[in-house]
Amino acid sequence: MSSIPMEYYLILSAFMFTVGVAGVLIRRNAIVVFMCIELMLNSANLSLVTFSSYLGNSIGQVFVFFVMTVAAAEAAVGLAIIIAIFRNKKSVNIDEINIFKW
Amino acid sequence: MINYIYLTTLLPLLGFVINGLFGRKIKNERIVGIIGSATVGLSFLIVLDAFIQTLGLPVEERSNTVNLFTWLSVGGLHIQFAYLVDQLSLTMSLIVTGVGFLIHVYSIGYMRGDKGIWRFFAYLNLFIFAMMNLVLGDNFVVLFLGWEGVGLCSYLLIGFWYDRKFEKGTTSQAAKKAFVVNRIGDFGFLLGMFLIYMTFDSLNFKEVFARAQAFPVAESTFGLIALFLFIGATGKSAQIPLFVWLPDAMAGPTPVSALIHAATMVTAGVYMVSRTSILFASAPAIMTVVAVVGALTALMAATIGLVQNDIKKVLAYSTVSQLGYMFLAAGVGAFSASIFHVMTHAFFKALLFLGAGSVIHGMHDEQNIQKYGGLKKYMPKTYATFFIAALAISGVPGLAGFFSKDEILWNAYSNGGFVFWLIGAVTALMTAFYMFRLVSLTFYGHERFDHHHVHPHESPAVMTVPLMILAFLSVVGGYIGLPKVFAGEHGNLFENWLEPIYAPAQEKLAMYSSSTHLEEILLMSISVALALYGIYFALHVYRKNPKIAENFANRFKGLYKLLLNKYFVDEVYEAAVVQPIQKGSEKVLWKFTDAKLIDGTVNGAATIVDKISGVIRKVQTGVAQSYALIMVAGIALVLLWLILSL
Amino acid sequence: MEQNLLLTYLLFTPVVGSVLVLFFRNEQKQLARWFGLIVSFVAFVISLVIYFRFDPANPQFQFIHQVTWIKSLNISYHVGVDGISLLLVLLTTFLTPLTLLSTWKAIEKNVKMFTFSMLFLEAGMLGVFISLDIFLFYIFWEAMLIPMYFIIGIWGGERRIYASLKFFIYTMFGSLLMLVAIIWLTVYASGMLGKFTTSLVDLYKVGPTIPHQIQGWMFGAFFLSFAIKVPIFPLHTWLPDAHVEAPTAGSVILAGVLLKMGTYGLIRFCLPLFPQSAVQYAPLVSVLAVIGIIYGALVSMVQTDMKKLVAYSSVSHLGFVVLGIFAMTVESVQGAVIQMINHGLSTGALFLLVGILYERTHRRDIAFYGGIAKIVPLYATILMIASLSSIGLPGLNGFIGEFLILLGSFKSPVLNSWWFTIFAATGVIFAAVYLLWMYQRIVFGEVKNEELKHELTDMNLREMIVMVPILFFIVWIGVYPNTFLKLTEASTQSILQQVGTYTVNLLK
C-alpha cells in the first residue's frame, strides 16, 4: 500500500475533479452534466479515502459512506427529473430547458 | 295658527311625496292635480289665518318664532330648524301660497293630457315647500335650504320636457344653465353667511340683526357682507351680470314661468335683501351698488324687451326689468316699496304669463307673436285679463302697478337722485311700449296664423278663473299702499305694516329728505304721461302703421341687431368664460397636466426603475453553467490568493 | 382594565367568514354569495350593537380589548373606538353587505375567491379603524392592500393588471415611508418612556416632544403615506386608473371606505402625534387641498368616461375633507368627518348606479347614452338624488359636510385667511357643472341609441334593496345630522385639544 505515494492519489483525485468541473461547465447534455457531478463527488470520495488510509483513522471512510448515500439519492431524483423532462421536451439539452426563466 | 305654520311647508311636502311616489299609479290626472292644488290651497288658508291672527296682535308682538328641531349643532354653531312668522314673512307667504294656488289650479287645465303630469305637480309642490322655507326660515341656513331648493325645482321644471328642443339647444341645457348660474350666486351667498357667522357669531336673523346694531363692526366688513349677499341676490333674481339664465328658463311649461320665474322664486333675492336690510343699510357704498345694478338691469332688460318676438321672451325680459326696479327701490332704502312691488308684480306678471300660456295653449304651442294677430275675438276672457295686466304693469293710474311703481320712482328721486328717477321713468316708458306692442301683435290687427292648422280657442274655465282672480288683484292690489301724498302721513297701510321690520335700517339711513308734495305730484304726472304715451305709441305703430316699426328697424340696423340678440351677452359669456374653462380643463388640465405631467412623472419613475433593472438584470443570465463558471473562477482566484499569500 | 370583546367579535366575523368560504366548492356560487352576504350582515349587526352601547359624551377610546402579542417589544393586540372611528366602522359594515349584494349578477368568475377577498378586505378596513396599536395598525393598513389588489387584478376591466399594479406599488411606496417613521417614533419613545411601546395612547404623549426639525420629517413621512391614500393632489393619478378598471364592487369600496383610511389617518395620527408640524404645514396642505378641489372638479367636468368622472370628483370631494381637517376648528373637523361618510354614501351610490348601467350595456362612455329617462325613469330619479347629494344640495347629506368645512375653514385661526374658503367654495359651483352636465347627457334628451331601448331595463328589486338604504341615509344626514355629529363631537374636541395645548404659542 505504501508503495504508491499519496500524491499520486491526490493528483488523480484533482484531475478527476477538474474533469468533472469542466464537464459541468461545458457540456450541454444533462446526462453528461449529471455524470460529471458524480465524477466530482467520487473524486472527493477518493481524497477522503486516501487521507483516511494515510492518517489511519476511519472518519474519512464514514464520510465516504454518507457521500455515496447522498449521491445515490441524488442520482435517483436527478435521473427521474431528467427522464420527466425528456418525456415532455424530447430533449435533455439544458439550454432548451428554460421555461422557468423570465 | 301661527304655531302651526310648519303645516304650510309640510303640506306641500306631503303633496310632493304622494304625487312623486304614487302619482304614476294614479290613472286619473284630475286627482293628481287636485292633490297638488289642495295642499297649496290649505297652506294658503293657514297662512291667511296666521296673518289675521298676527294683525290682531299689538305691533311689538307680531314677530314670532316657531321652533321645530335642532338642525345643526357643532361647536359654537347652533342652527335651529325654525320659522320666523313676522310681517315680512307673512306677506311673502301670502303671495307664494296665494298666487301659487291659483297657478296650481290653472296647471290642471294647462297640463291636461301630459303624461308626466304627476311629476309636474310633484315638482310644483316641492317648489312651494322650498319657497316657504325660504321666506319663513328664521336663520340664514334655513333660508339657504329654501334658496337652493327653489333652484333645484326651477332646474327640474325648466327641464320638465326633457326631450324637447329649445332654441339652439335643449331644455335640459337651459335647465342646467339656470342651476349653474344660480350656483354662482349661491357661492356669494355662502361666503356672506360665513362672514356673518365670523363677525356676529350667529346665523340667526334676530341675533345677527341685534348684534349688527350693537357690535362695533367696521363699515368695510358690512360692505363685504352686503356685497356677498348681493351676489347671491343677483343670481337668484336675475340681475346684471347673472341675468342670463332667466330668458332661457322660459323653456319650461308656462305655469312654471308664471310661478317660479315671475311671481315667486326670482323675487327671493329682493326678499333676502329686504330681510337683511340692516346689514345693507350699514354699508352705504353697497346700497349704491344695489341701486345702480337695479337701475341698469331695469333699463337694459327693457330695451331688449322692445324687439323680442317670442311672447314668453318679452315677458321674461320684462320680469328682469321689473326685478331691477325692485332692487333700485331696495338700493335707495325703500325696502317696503320693493316688497310692495314684489306683491303687485306677482299679481300682474303671473297674470301675464298665465294669459300668455292661455294664448299658447289656444294656438297649439306657437310662441312667436308675429304669427298671432286678431286673437281678441277668439279668446275674449284671456284678452280682457291680459289687457288689464298690461295696463297694470305699464303704470296706468288706479291699477296695482301704478302705486308700487310710483312709490319706487318717488323714492329713487328723493333718496337716490334725479338720474335714478330718470332711468326709472324711461324704463317705465319702454315697459308700456313693449307691453302694448305685445297686446297689439297678439290680439289686434289681422290674423297672421295659418287657419288650416291653427284653430284658436278660449281656454277652459279651470284656466280662465285664475286669470280673472289675478286680474281682480291686479286692479285692487295697489290700494293697500296708497302714496302718502294722497293718503296722508299714515295712510300707506302696506308700509305701516312692514315698518317695524325696517325700522333699524331706516334709522341707520336716516334720510327722507325734505321734498315737497308738489314735486311728488309733478314727477308722478310725468311718469304717468310717459306711460300713457308709450301705450299710445305702441298701439299707433303696431295697430295702424306697422311700417313705422319696420322702417325704424331698417334705419337702425345695428342697434336692432344688438337688441334682438340681447347685447350678445350669452355669446360673450360663452366665449369669455365657458369655453376657456371647458377647453382649458380638457386640453391643459386633463390631457396635459394630469395625463402627461403628473401621471407621466409617476409612470416615468416606474419606467426609469424598469430601464435600470433591465440593464442590471443582464448579469443574471439564468444559465446555471455560467454562474458555476463564475463560481469556479472565483474559487480559483481565492485559492491563488491564499497560495500566494503563504 | 376591563376587556370588551365586542370589537374583536366584529373584527373576526369577516376573518372567520373569509376562511370558511374557502372550503366551499367552486360550483357553489350562489351559496358563496349568500354566505358572504350573511357574514357581512352579521358584522353590521355587531357594529350596530356597538353603536347603541357607545357613550358619545366620553372622548376616550371605548370597547377596548387589549391582549399582549409580542411581549419583548410590548406590542399588543389593542383595539378600541372613539366617535370618529365608530362612524367609519359603521360606514364599512354598512357598505360591505350592500356591495356584495350589488355583485350578485356582475361577478360570475370565481365567486368563492371574490367573496373571500371582500370579507378579508372588510376585516382589513375594520382593523385599520379600530387599531390602537401603531404596529397593529400598520399590519392592517398593508394587509388590506392585498385583497384590493386581487379584486382589481382578477375581476377588473381590460387594463386591470396595469391599474392594480399601479395601485399597489403607489400605496406601498407611501406606506414604507410611514413604516420608517413608525420605527423611528417607537425607538424615540422607548428612549423617552424607558420602555419600548407601540401603543397609540403612549405615543400621543411622546409625539409632541420630538425636536422640531425631526418632527417635520416624521410628519412628512406619515402625511405622504396618507396623502397618497386620500389622494391629495398631485398624488392622485392612481385613483382614476384603479376606479376605471376595478369592478363595481371594488370601486364602491375603494371610494366608499378605502380613501377614508387616508383622511382617518390624518385625523388619528398626523394631527395629534405631530401637532406643531401639523399647524406649521397646515396652510401648505390646505393649498394642495384647495387645488385638489378645483382641479378635480375641472378635470372631472371634461371626462368622457362615467367612472372616471366620478373618480375625479372624488379628488375634489376629498379635497374638502383635507381642508376641513387642516383648518382645525371644531366645525371644520366635524364637517370633515361627516363629509367622509357623505362621500362614502354618495360616491358609493354613484358608482353603484354606473355599475348598474354597465351591467346592462357594457358601456361606460357618456356619449353612448342619452335620453334614458324615458326607458328607465326609476333609475333616472335615483341617479338624480345621488347626484344632488354629491352636489351638496341643502336637505341632503353633502351640504352638511361642505357647509361645516367651509364655515370652519373661513374662521380658522390656523389658516388665518379667507382665500382658502373662497377658492374652495368655487368647487361648489363646479360640482353642479360636472354632475348636472353628465346627468343631462346621460338621462335627458331624445333616446340616442336604439340599442338602449333593447338592452336597458329599469332597476330590479335587488338593486332597489341596495340603493334604498343608501338614499335613506343620504336624506337622514341632510335633515337630521345631529345623530351623527353628536357621535363625533367629544372625540373631535379631544383631538383638537391635544393639538391646541401644544400649539398655543405657535398661533400667536
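Ala238(B) is buried, as 31 other C-beta atoms lie within 10 Å of its own; a residue is buried if 20 or more other C-beta atoms lie within 10 Å of its own, exposed if 12 or fewer, and partly exposed in between, with C-beta atoms placed from the backbone. Although Ala238(B) is not a glycine, it has a positive phi of about 55°. Ala238(B) sits in the loop between helix H8 (219-236) and helix H9 (245-248) of chain B; helices (H or I, at least four residues) and strands (E, at least two) are DSSP runs, numbered from the N terminus.

The structure is a predicted model, in which local features need pLDDT of at least 70 and side-chain atom pairs count only at pLDDT 80 or more, while totals for chains, interfaces and linings use all residues. Residues are numbered from 1 along each chain as its sequence is written, and chains are lettered from A and ligands numbered from 1 in the order in which they are written.

Another positive phi, of about 60°, belongs to Tyr567(B), which is not a glycine either. Tyr567(B) is located in the loop between helix H24 (557-564) and helix H25 (569-617) of chain B. With 13 C-beta neighbours inside 10 Å, Tyr567(B) is classed as partly exposed.

Turning to the domains, chain B is divided into domain 1 (1-138), domain 2 (139-564) and domain 3 (570-644), with bounds that come from an automatic or database domain assignment. A distance of 64 Å separates the C-alpha centres of domain 2 of chain B and domain 3 of chain B.

Helix H1 (residues 7-22) and helix H4 (residues 117-136) of chain B pack at an angle of about 160°, and their axes are 8 Å apart. Here axes are lines fitted to C-alpha atoms, for helices over the stretch in contact, and angles run from 0 to 180 degrees between N-to-C directions. H1(B) is therefore roughly antiparallel to H4(B), given that angles under 35 degrees count as roughly parallel, over 145 as roughly antiparallel, 65 to 115 as roughly perpendicular and the rest as oblique. The residues in contact (C-beta atoms, placed from the backbone, within 7 Å) include Leu13(B) and Phe16(B) of H1(B), together with Phe121(B) and Phe129(B) of H4(B). By class, the contact of H1(B) with H4(B) has 11 nonpolar, 7 polar and no charged residues; Ala, Val, Leu, Ile, Met, Phe, Trp, Tyr, Cys and Pro count as nonpolar, Asp, Glu, Lys and Arg as charged, and the others, Gly among them, as polar.

In chain C, two cis peptide bonds can be described together. One joins Val230(C) and Pro231(C), with omega about -10°, and Pro231(C) is placed in the loop between helix H9 (212-229) and helix H10 (238-245) of chain C. The bond from Phe233(C) to Pro234(C) is also cis, with omega near 0°, and Pro234(C) lies in the loop between H9 and H10 of chain C.

Between chains, 2 pairs touch, and the most contacts are between chains B and C. Chain A and chain C share no contact, and their closest C-alpha atoms lie 18 Å apart. The contact of chain A with chain B takes 5 residues from each chain; the side of chain A that touches chain B has 3 nonpolar, 1 polar and 1 charged residues.
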